[in-house]
Amino acid sequence: MLAETTSFTLDGIAARMIRVEVDVHRGLPKFQIVGLPDAAVREARERVRAAIANCGFDFPLQRITASLAPADLRKAGPAMDLALAAALLGAAGELCIEPLAGWSLVGELALDGTVRPVRGALAMAEEARGQGRRGVIVPEANGPEAALAEGISVRTIGNFAELAGLDSGEVPGQVAVPAEIRDRDELPDLADLRGQSHLRTAVEVAAAGGHGLLMIGPPGAGKSLAARRMPSVLPPLSGEEILEVARISGACGIGDGTVTSSRPFRAPHHTVSAAGLVGGGSPPRPGEITLAHCGVLFLDELCEFSRPSLEALREPLETGSVTISRARGRQALPCRFTLVAAANPCPCGRGEDDPRCRCTEMAARRYRAALSGALVDRIDLVVAVSQPSAEALAGPGGESSTAVRERVITARELMAGRLGEGRTNSGATPEEAGQFKVTAAAAGLLAEAHQTWRLSGRAHGRILRVARTVADLAGSTAVGEEHMASAIQFRRRSAQ
Ligand SMILES: Nc1ncnc2c1ncn2[C@@H]1O[C@H](COP(=O)(O)OP(=O)(O)OP(=O)(O)O)[C@@H](O)[C@H]1O
Ligand SMILES: [Mg+2]
C-alpha cells in the first residue's frame, strides 16, 4: 500500500516542503529511503523503526520504500522523522492517516518515541502557509516559535504515541501558543561610559543613521565598553523585524527559543573564517552577518581579522544581502547590520604619538593595512579614542541609554518620513541623498573638504549622509554648516 505525508527541510534559512511517500510491499524485509537524503535522513530508518516499536505499533516486516520529493533537492537533518513514521504506519494499514490531509508534520524522533525539537520551525510554519497547507504539527518545544506565523494552524505533540488518536478521526496534539515577545531586555547602559564625549556622539549618530563606526585607540580606553552598549540605544525591532530575526535564529539553532524586541548583537572572534563570517560551507550555513541582521556586528580588534574575512564583508555591507552559491543554485541571505569595529593604532597599542611606542615602522604599517583600503572606506564614522582622564573616570556616569535612545527614535522617525518605513540615512540611494536639503555654507564646507582631503566619490556621499543624520538628531530640516563640519570630523581619520 501507498501513503503520503508532507514535511520540510531547511535550505539555508528557508524551509522547503517535502512530500514523503511510503510504499509497503510484500517481500524480503528491507527499508530504504531515496531522494538525496543526507546521513541524518538515512539514519531516520533506525529511529523510526525503534520509535514505532516502542510506542505500541507493529513495525511491518515487509519491503518498505520511502521517497522524498522533489528528488533533486538535498534533504538534510532529522526534521522529517515524524512524517516518515506516520506515512509508514499509514502505508502498512496500521493507522488511518486521513485526518492528516492538508497537515504537515515536523519533528525528530527519539528511540522511545519522544518528539524532539528541530531547527527552523518558524520558517517551516510560514512555508506551510505559503504552500496552502491547513496546518502543521511540530514538536512541543518548537510550538511557541512556529505559532508566531499567522494564518496557519499550529499544533504540538510530545510523543509519537499521540498519533494513535488519529484512528478516532482527530488531528493529534495541542494548539500551540505563540511565544511572548520580551519588550526590553536588561542591556548594559551607556551611562557606564565616562568622559569620551566624542565617542558618545559617534555612538548616537551611528545608532540613529545606521552608520558603520570604527574606533581607534589605545587599550583600556573604553572602545569595547562603548560597542557593547550600542544595542541599548537602538530602537526596538518592528513587528516584521522581530519575525525576521526569530526566523534566522530559529534556523541557525541559536538562542533559547524565546523572542525579544532587542536588536541582535554579534561579536565573532577575530579567528573567524570568511565562511563563518558571511556564510557558506557545505552544506551552506548562514554566517555571523546574517545572525546580526537588523542589529549590530561588532568586530573587536579589527586588525587581527584575516584579510579574506574582511574583504568578504565589502559587498554585503553595501547591498544588505549576501548570495551563497553552490552546485544546486544560489540563495540570498539577508544581512542588514550596523558594523561597529575597534582597533588599536599600532601593535603595541599606544600609537606613534606616544613616546613609549616601540613598534617598528614596518610592523606598524603592516598592522594598519587593515585600517585603510576598501572596507574602511565603507565605514562612515571613524573616531580616534584617547584615554579617559582621571577626573572623567572618577566623575558621575554619562547620560543614560534611555535618554539617548529617545533622540535616536525621534531622528529615525524623521528618516522614515523622508525615505520610507524602517529605512535610515546610511541606506539612502544616491538619488535620495541628492535630494537632501543642504545650506550653501554646508555645501561649501563639503567642497572644501573634498579638495583638501582628496575624498573618494564614496566618501563624499557618505559624509553627506552622516551630516543628514547629525541634522536629524538636532531636529533641523536642512543640513547646516555645523552638521556638515561634525560629519567631516568623523571622516577625517580614514581620509588621511
Ligand atoms: N571611558 C571609560 N569609562 C568607564 N570605564 C572605562 C572607560 N574606559 C575604560 N574603562 C574601564 O576599563 C575596562 C576596559 O575597557 P575596554 O575593554 O572598553 O577597553 P578597550 O578600549 O576595548 O581596550 P582594548 O584595545 O585593549 O580592547 C572597562 O571594562 C572599564 O571598566
Ligand atoms: Mg577591547
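Here is a short chat about some local features of this predicted model.

Me: Take Val 106, then. Which residues is Val 106 in contact with, leaving aside its neighbours within four places in sequence?
Reply: Val 106 is among the residues with the most contacts inside the largest nonpolar core. Setting aside neighbours within four places in sequence, its partners are Ser 7, Phe 8, Ala 79, Leu 82, Val 118, Ala 121, Met 124, Val 136, Ile 137 and Val 138.

Me: Ala 121 and Met 124 are in that list. How many residues of helix 4 are buried?
Reply: Helix 4 covers residues 121–130 and is mostly covered. The buried ones are Ala 121, Leu 122, Ala 123, Met 124, Ala 125, Glu 126, Glu 127 and Ala 128.

Me: Is Cys 294 buried or exposed?
Reply: Cys 294 sits in the loop between helix 11 (288–291) and strand 17 (296–299). Its phi is positive, about 70°, although it is not a glycine. A residue needs 20 or more other C-beta atoms within 10 Å to count as buried. Cys 294 has 21 such neighbours, so it is buried.

Me: What about Arg 454: buried or exposed?
Reply: Arg 454 belongs to the loop between helix 19 (440–453) and helix 20. It is a residue other than glycine with a positive phi, near 45°. Arg 454 has 9, so it is exposed.

Me: Helix 20 comes up there. How do helix 6 and helix 20 lie relative to each other, roughly parallel or roughly perpendicular?
Reply: Helix 6 (residues 197–209) and helix 20 (residues 457–473) have axes 9 Å apart. They pack at an angle of about 100°, and angles of 65 to 115 degrees fall in one class. That makes the two helices roughly perpendicular.

Me: How many of the residues in the contact of helix 6 with helix 20 are nonpolar?
Reply: From helix 6 come Glu 204, Val 205, Ala 208 and Gly 209. They meet Arg 465, Val 466, Thr 469, Val 470, Asp 472 and Leu 473 in helix 20. Two residues of the contact are polar and three are charged, and the number that are nonpolar is five.

Me: Which helix gives the largest share of the shell around ligand 1?
Reply: Ligand 1 is surrounded by 17 residues, and the closest are Pro 219, Gly 222, Lys 223, Ser 224 and Leu 225. The shell divides into seven nonpolar, seven polar and three charged residues. Its largest share is three residues, from helix 7.

Me: One more. Where is Pro 70 found?
Reply: The peptide bond from Ala 69 to Pro 70 is cis, with omega near 5°. Pro 70 is in the loop between strand 4 (63–69) and helix 3 (81–91).

Methods. Residues are numbered from 1 along each chain as its sequence is written. Chains are lettered from A and ligands numbered from 1 in the order in which they are written. This is a predicted model: local features need pLDDT of at least 70, side-chain atom pairs count only at pLDDT 80 or more; totals for chains, interfaces and linings use all residues. Axes are lines fitted to C-alpha atoms, for helices over the stretch in contact, and angles run from 0 to 180 degrees between N-to-C directions. Helices (H or I, at least four residues) and strands (E, at least two) are DSSP runs, numbered from the N terminus. Angles under 35 degrees count as roughly parallel, over 145 as roughly antiparallel, 65 to 115 as roughly perpendicular and the rest as oblique. Two residues are in contact if their C-beta atoms, placed from the backbone, lie within 7 Å. Ala, Val, Leu, Ile, Met, Phe, Trp, Tyr, Cys and Pro count as nonpolar, Asp, Glu, Lys and Arg as charged, and the others, Gly among them, as polar. A residue is near a molecule or strand if its C-beta atom, placed from the backbone, lies within 6 Å of it. A residue is buried if 20 or more other C-beta atoms lie within 10 Å of its own, exposed if 12 or fewer, and partly exposed in between; C-beta atoms are placed from the backbone. A nonpolar core is a set of buried Ala, Val, Leu, Ile, Met, Phe, Trp, Tyr and Cys residues joined through C-beta atoms within 7 Å.
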